[in-house]
Amino acid sequence: MKLDILKALNAERNARRAAVVVTDQATGDQRLVKAADAAKDPLKDLIEKHIRSGKSGMEETPQGKVFLTVHVPAPRIVITGAVHISQALAPIAKILGYDVTIVDPRTAFATQERFPDVKVIAEWPDVALPPLGVDRYTAFIALTHDPKIDDPALTHALSRDCFYVGALGSKKTHARRVERLKGQGLSEADLGRIHAPIGLSIGAVSPAEIAVAIMGQITSSLRLTPEKAPEKVPETAS
Amino acid sequence: MTTLATDDDILKAAEAWRSEGREVALATVVETWGSAPRPVGSNLVIDSEGNFLGSVSGGCVEGAVVTEAIDVIESGKPKTLEFGVADETAWKVGLSCGGTIRVYVEKVD
């Protein structure tokens, strides 16, 4: 690999943009295709397919065998609510490879002391979220139980096409939330993307178990195609 | 947390090592069959001294890849290596899981 290609690739990855390196297996020739340029590439269909799946792989083309090395941004998690569940969830998410950010305007909750290794922002979502660049490689979780905090954050996450959006609360709580958000103009399709009650149905009781249920559900959203995803399940947390 | 090093760290290390003037090769898992320990796209970066970071197999064949990578650094020509139970050398540097992997090794220049 030419150092120039490696540098350009690392620059794309730093900026959280997807990119693919195409290597001709016969000649060793290589080129970098940035996601924004994929549509112009001769291998457009293959490259777009691989960016969607996030998986590298060997492909036969009319010009011979090529290897596509796919780089999509590392997934991250943004949470509203510096609460007990978040304290359990943050270290689990870290081990799973996610970068975690917690937003909570309640300064008694949002302290670095309660979340030693995590980015904590003691601000309202309308201030905290826009600079974070929430994107489709971000999972968003609303855990405060407070509509003043969770609702605007959920609206933001849905508009940014997060790969996972989940909200804590019973079916009843969620039904009320859906009504409120509909009133603010969100579509049925958007609201249907919210996982609520949040988490896989594993009978979770403690905050740590609920964190595991949530991380299991996020993993399935990241890794499985929608057809293979576990059914939306009865409440595991309230 | 080197055991949890992500591919991010590895490609950044490759750039940093090369920029420092070290001779560097990059190994990438390009194909797998059966139960291979590391997925396609996994990287190992190697320098001419035999230092390495990352993994292509979870430890089973890294030693052999490092040796080949030093050759690639010298010759400048990329190489494709295959490891698996069907391979005779597999008994020496095999994949205990019974899978087969193909690894592309190239110089960073």
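## A hidden space

How many cavities of 30 Å³ or more does the count come to? The count comes to 1 cavity. Before we look inside, keep in mind that this is a predicted model.

The largest cavity has a volume of about 80 Å³. Its lining is made of 14 residues, and the ones closest to its centre are A:Met1, A:Thr69, B:Leu26, B:Thr28 and B:Glu106. The largest share, 3 residues, comes from β4(A). Sort the lining by class and you get 7 nonpolar residues, 6 polar ones and 1 charged one.

## An open pocket

Now for a space of the open kind. The second largest pocket has a volume of about 210 Å³. Its lining has 13 residues, and nearest the centre sit A:Met1, A:Lys2, A:Gly28, B:Pro78 and B:Asp109. You've met A:Met1 already, as one of the residues closest to the centre of the largest cavity.

Which strand gives the most to the lining of this pocket? That is β5(B), with 3 residues. The classes here come out as 4 nonpolar, 4 polar and 5 charged residues.

## Getting to know chain A

Chain A has 238 residues, and 50% of them are buried. Take the contacts in chain A between residues at least 6 apart in sequence: 60% of them join residues at least 24 apart.

## Two residues worth a look

Start with A:Thr61, which you'll find in strand β3 (residues 57–61) of chain A. Is A:Thr61 buried or exposed? Its relative accessible area is 11%, and because that is under the 20% cut-off, A:Thr61 is buried. A polar atom of its side chain lies 2.7 Å from the backbone oxygen of A:Gly64. Leaving aside residues up to four places away in sequence, A:Thr61 touches A:Leu43, A:Leu46 and A:Val66.

Then there's A:His195, in strand β10 (residues 194–195) of chain A. Why does A:His195 count as buried? Its relative accessibility is 16%, and buried means under 20%, so A:His195 counts as buried. What does the side chain of A:His195 make a polar contact with? The partner is the side chain of A:Gln217, at 3.3 Å.

## Getting to know chain B

Chain B has 109 residues, of which 41% are buried. There are 3 helices and 5 strands in this chain, and read along the sequence they follow the pattern α-β-β-β-α-β-α-β. Among the contacts in chain B with a separation of 6 or more, residues 24 or more positions apart account for 52%.

The average pLDDT of chain B is 83, and 80% of its residues score at least 70.

Terms used: Residues are numbered from 1 along each chain as its sequence is written. Chains are lettered from A and ligands numbered from 1 in the order in which they are written. Side-chain values use heavy atoms; hydrogens and water are left out. pLDDT is the predictor's confidence in each residue, from 0 to 100. On a 1 Å grid over the protein atoms alone, a cavity is a set of points where a 1.4 Å probe fits but cannot get out, and a pocket is an open set with protein on both sides within 12 Å along at least five of seven lines; lining residues have an atom within 4 Å of a point. Grid points are joined across faces, edges and corners, and a volume is the space filled by probe spheres set on the points. Helices (H or I, at least four residues) and strands (E, at least two) are DSSP runs, numbered from the N terminus. Ala, Val, Leu, Ile, Met, Phe, Trp, Tyr, Cys and Pro count as nonpolar, Asp, Glu, Lys and Arg as charged, and the others, Gly among them, as polar. Buried means under 20% relative accessible area, exposed over 50%, partly exposed in between (1.4 Å probe, protein chains only). A polar contact is a pair of N or O atoms within 3.5 Å; within protein, one must be able to donate a hydrogen and the other to accept it, and residues adjacent in sequence count only if both atoms are side-chain atoms. Contact means heavy atoms within 4.5 Å.
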